[in-house]
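Reader: Please take me through this structure. I want to know what stands behind each label.

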Amino acid sequence: MKAILNFLISIFILVTSISITHAEDEKQTMVDVRQQAMQAMWSRLDRLSTLIAMPGDAVTTSDGSTIIISNQNKNNPLETYALIHAKEAKQDAEEISNLLVQVEDFWPRHTSVANVKSTNAERLVWIIPEAFARYYKDAVYASKNLNNSFSNKDAEKIKRSVCMLALSCGRCHAAFRKVRFDNLRKEGRGWTGNYNACWEYKNEVTINSTAIRD
Ligand code: HEC
């Protein structure tokens, strides 16, 4: 009888420890997946910033070389984009939309820094979750607007939408993400949404925060 009891107790301990490790893995995976999705969005946004590059700006091409945008550039920006990056701008924009939706619910409380060391999300995400959710929706709307702007090929609209999307990333990070120096070096302006071409939209959003969804 004692042996059976011991056996049952060990099975119980085994099962609970497996499920605890499983929960640990699940939290860690959530953080890994959301960080990877963010990285994937960033590389796409970085490419999309070619569409709003000003003369003199440096752009990295698909083969890793750097070119400087000239002020003589009369090409259609969407064609230039496809030539430089070997990918269509439209596809990058759609992928950002999909990535945003994929990790929208990857922020449960048990993935805060108190539970998962590798996260750089600020505790504020869980202190004011409504604000976090609102900023997240801003980015979702901004990315949808960008997708729409490609279908009517309106250059001014495309520029505005790229800027609004970049600003929506930057605004959320400023409040909800801890940024270390090496992130800044890697991500440059993509992190802040502060592209030279975007200052007028930044002002617009400062005055009226809902403009980011228009
Ligand atoms: C609503 C808030 C929010 C929005 C919108 C948002 N992010 Fe983030 N982002 C975060 C948070 C929080 C983290 C930290 C996540 C973590 O470490 O768990 C992060 C992390 C990152 C990282 C670093 C990932 C890593 O490897 O640690 C990059 C790059 C990034 N975001 C890019 C973007 C880009 C580009 C956009 C816009 C297309 C964007 N983010 C939109 C909140 C946001």
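**Labels and their cut-offs**

Author: Start with the ligand. A shell of 26 residues surrounds the ligand, and the closest are Met 38, Asn 120, Ala 139, Cys 169 and Cys 172. Near here means a C-beta atom, placed from the backbone, within 6 Å of the molecule.

Reader: Which elements give two or more residues to the shell around the ligand?

Author: They are α1 (2-48), α5 and α6. The most comes from α1, with 8 residues. Helices (H or I, at least four residues) and strands (E, at least two) are DSSP runs, numbered from the N terminus.

Reader: What makes up the shell around the ligand by class?

Author: The shell has 16 nonpolar, 7 polar and 3 charged residues. Ala, Val, Leu, Ile, Met, Phe, Trp, Tyr, Cys and Pro count as nonpolar, Asp, Glu, Lys and Arg as charged, and the others, Gly among them, as polar.

Reader: What kind of model is this, and how are residues numbered?

Author: Residues are numbered from 1 along each chain as its sequence is written. The model is predicted: local features need pLDDT of at least 70, side-chain atom pairs count only at pLDDT 80 or more, and totals for chains, interfaces and linings use all residues.

Reader: Where is confidence highest and lowest in the protein?

Author: pLDDT is the predictor's confidence in each residue, from 0 to 100. The protein averages 86, and 89% of the residues score at least 70. Helix α4 (residues 124-127) is highest, at a mean of 97, and helix α8 (residues 189-192) is lowest, at 58.

Reader: How many helices and strands are there?

Author: There are 9 helices and 2 strands. From the N terminus on, the order is α-β-β-α-α-α-α-α-α-α-α.

Reader: How do you know what span is expected of helix α5?

Author: The expected span is 1.5 Å times one less than the number of residues. Helix α5 (residues 129-151) has 23 residues, and 33 Å is expected. From first C-alpha to last, α5 reaches 34 Å, close to that value. Just after α5, Lys 153 takes a positive phi of about 50°.

Reader: Why is Leu 100 called buried?

Author: A residue is buried if 20 or more other C-beta atoms lie within 10 Å of its own, exposed if 12 or fewer, and partly exposed in between; C-beta atoms are placed from the backbone. Leu 100 has 22, so it is buried. Its place is in helix α3. Its C-alpha lies 9.3 Å from that of Arg 34, 66 residues apart along the chain.

Reader: What is Leu 100 in contact with, leaving aside neighbours within four places in sequence?

Author: Leu 100 is in contact with Met 41, Ala 139, Val 140 and Ser 143. Contact means C-beta atoms, placed from the backbone, within 7 Å. Ala 139 and Ser 143 are among the buried residues of α5. What covers those buried residues includes α3 (89-102) and α6 (155-176).

Reader: Why does Pro 108 count as exposed?

Author: Pro 108 has 12 C-beta neighbours inside 10 Å, so it meets the limit and counts as exposed. It is found in the loop between α3 and α4. Met 30 is 78 residues apart from Pro 108 in sequence, yet 9.1 Å apart in space, C-alpha to C-alpha.

Reader: What makes Ala 86 exposed or buried?

Author: Ala 86 has 10 C-beta neighbours inside 10 Å, so it counts as exposed. It is found in the loop between α2 (77-85) and α3. Phi of Ala 86 is near 55°, a positive value in a residue other than glycine.

Reader: And why is Lys 87 called partly exposed?

Author: Lys 87 has 14 other C-beta atoms within 10 Å, so it falls in between and is partly exposed. Lys 87 is also found in the loop between α2 and α3. Leaving aside neighbours within four places in sequence, Lys 87 is in contact with Ala 82 and Asp 92.

Reader: What makes a nonpolar core, and which residues in the largest one touch the most other members?

Author: A nonpolar core is a set of buried Ala, Val, Leu, Ile, Met, Phe, Trp, Tyr and Cys residues joined through C-beta atoms within 7 Å. The largest has 29 residues, and Val 162, Cys 163, Leu 165, Ala 166 and Leu 167 touch the most other members. The most comes from α6, with 8 residues.

Terms used. Two residues are in contact if their C-beta atoms, placed from the backbone, lie within 7 Å.
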